[in-house]
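Welcome! Please take a moment to look over the sequence and the 3D structure shown here, and then we will walk through them together.

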Amino acid sequence: MIFRDMDATNMKHVTASHSATCSFFLIVFSFVLATLLTGGETVEIKSLRVPEVVQNGSEASVVLDCDYNVENKAGLVVKWFFNNQTSPVYQWILNKKPQDLGVLKGKLNLDYRASDDETKKHRAMQILRPTTELSGEYRCIVSTFDGEDSEAKKMIIYVPERTIELKQMKPNEDRVKVECSAEGVYPEPRMTINTNSAGSDRKEPPLPVEIIKERADGLFDISVSILIEDRELQSPTTFSCELSIPEANYTVRRQSVYYPDSSNSSSCYHLPHWIMSAVLILTIGRL
C-alpha cells in the first residue's frame, strides 16, 4: 500500500512537469507566431527623405521627413541627430510641442506638420534658409516603449565659385604656364587642367601644381597650374579647366586657346594676334 501511494505521487509530479513544459512551449510558439505575423518590428521607419544637394542661399526652406509605423504609440518619441553629435537637434514627444536644439536652435519652423495623423504630425523638420554649416549627416530615431528604429542620410549644402579664371603666362619664349583658379567654394573642390594637344614631341603630361586653401569663413580657394614647352603643343592648342565639387555633383568648365610660338612654321596661327590684325588691315586698305 505504501508503494502504491509513492507511485501515485510520482505520477502526479510527472503530469505536472509535463503540463508545465507544454505551457512553456505554447508560450514560445505563440510569441514566434506573433513575431512572424507582425514582421518582428514594433517600430519601423518606412522612408527617410532628405534633400541630397542644396545650393547655399537658394531655398527659403527644406524639409527632412521621417515616416514610420508603430504598433503601440505609448512612449513615442522622434529625435533627429546631426553628424556624430550625441545630443539631438530636434525632439518631438507625442502630445507635446516639438523642440529645436543645438545647431538648429531658432532655425526650424516648429509649427510645420508632415501629417494629419496625431502620431506622425511632427515627425519632420522644416529648416529655414539652410546654409553651409548645416551640411552633413542627419539621423532620425523613432522609439516607443516597445522598440526603436533609426536611419540616416546626408544633405550637402554647397557654394558655387564666386570667381573662376583661366589664364596663360609666358615665363620665357619657349614655354607657357597655364593657371586656373577659383575662389569661395564649398565643400572642398577639385580642379584639373587638360589640353587637346597631341604634338609629335609630346612626352608625359606635365605634373600639375595644386594649391587648396581653407578660408576663415569655411570656404575654399583653389588653383592649379601647369608648365609646358611650346614644342610639345600643336597649334592652336585648347586648354580646358574643370572645377568640380564631388559631393554636390557640381562641375563648371573654362577654356582658352593658345598659339605656340614657332619659328619653323609658316602657319599664320603661330603669329601673334596683333600682327595678324595689322596684316588684315593693310590688306583691306590696299583693295
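Two strands pair if DSSP finds at least two bridges between them, where strands (E, at least two residues) and helices (H or I, at least four residues) are DSSP runs, numbered from the N terminus. An open sheet of 3 strands is built this way, in the order β1-β3-β7 with antiparallel pairing.

What you see is a predicted model, in which local features need pLDDT of at least 70 and side-chain atom pairs count only at pLDDT 80 or more, while totals for chains, interfaces and linings use all residues. Residues are numbered from 1 along each chain as its sequence is written, and side-chain values use heavy atoms, with hydrogens and water left out.

**The whole protein**

- The secondary structure comes to 2 helices and 16 strands.
- Of the 287 residues, 34% are buried; buried means under 20% relative accessible area, exposed means over 50%, and partly exposed lies in between (1.4 Å probe, protein chains only).
- Take the contacts (heavy atoms within 4.5 Å) between residues at least 6 apart in sequence: 58% of them join residues at least 24 apart.

- Strand β3 (residues 61-70) is joined to β7 by 4 bridges, and the two run antiparallel.
- Along this pair, L64 stands opposite M125 in β7.

**The sheet of 6 strands**

- Another open sheet has 6 strands in the order β2-β9-β8-β4-β5-β6, and its pairing is mixed.
- Here β2 (53-55) and β6 are the edge strands; each has a single partner, so one side of each lacks a neighbour in the sheet.
- Within this sheet, β4 (residues 77-82) and β8 (residues 136-143) pair in the antiparallel sense over 6 bridges.
- F81 has R139 in β8 as its bridge partner.

- A hairpin joins β10 to β11 through 2 residues.
- Strand β10 (residues 163-172) and strand β11 (residues 175-185) run antiparallel and are joined by 8 bridges, with S181 in β11 as the bridge partner of E165.
- How many bridges join β11 to β14? There are 9, and these strands also run antiparallel; K177 stands opposite L227 in β14.
- S223 is found in strand β14 (residues 220-229), and it counts as buried because its relative accessibility is 18%.
- Leaving out residues up to four places away in sequence, S223 touches C180, S181, M191, V209, E210 and I211.
- S225 also has its place in β14 and is buried, with a relative accessible area of 11%.
- S225 and C180 are 45 residues apart in sequence, yet 6.3 Å apart in space, C-alpha to C-alpha.

**A cavity and its lining**

- Rolling a probe the size of a water molecule over the atoms shows where empty space is left.
- On a 1 Å grid over the protein atoms alone, a cavity is a set of points where a 1.4 Å probe fits but cannot get out, and its lining residues have an atom within 4 Å of a point.
- A search of the whole structure finds 1 cavity of 30 Å³ or more.
- About 40 Å³ of space lies in the largest cavity, and its lining includes Y90, P98, H122 and M125.
- Is H122 buried or exposed? It is buried, at 9% relative accessibility, and it is found in the loop between β6 (99-100) and β7.

**Backbone details in loops**

- The peptide bond from Y186 to P187 is cis, with omega near -5°, and P187 is in the loop between β11 and β12 (190-195).
- The bond from S235 to P236 is cis, with omega near -5°; P236 is in the loop between β14 and β15 (237-245).
- N95 has a phi near 70°, a positive value in a residue other than glycine, and it counts as exposed at 71% relative accessibility.

Terms used:
On a 1 Å grid over the protein atoms alone, a cavity is a set of points where a 1.4 Å probe fits but cannot get out, and a pocket is an open set with protein on both sides within 12 Å along at least five of seven lines; lining residues have an atom within 4 Å of a point. Grid points are joined across faces, edges and corners, and a volume is the space filled by probe spheres set on the points.
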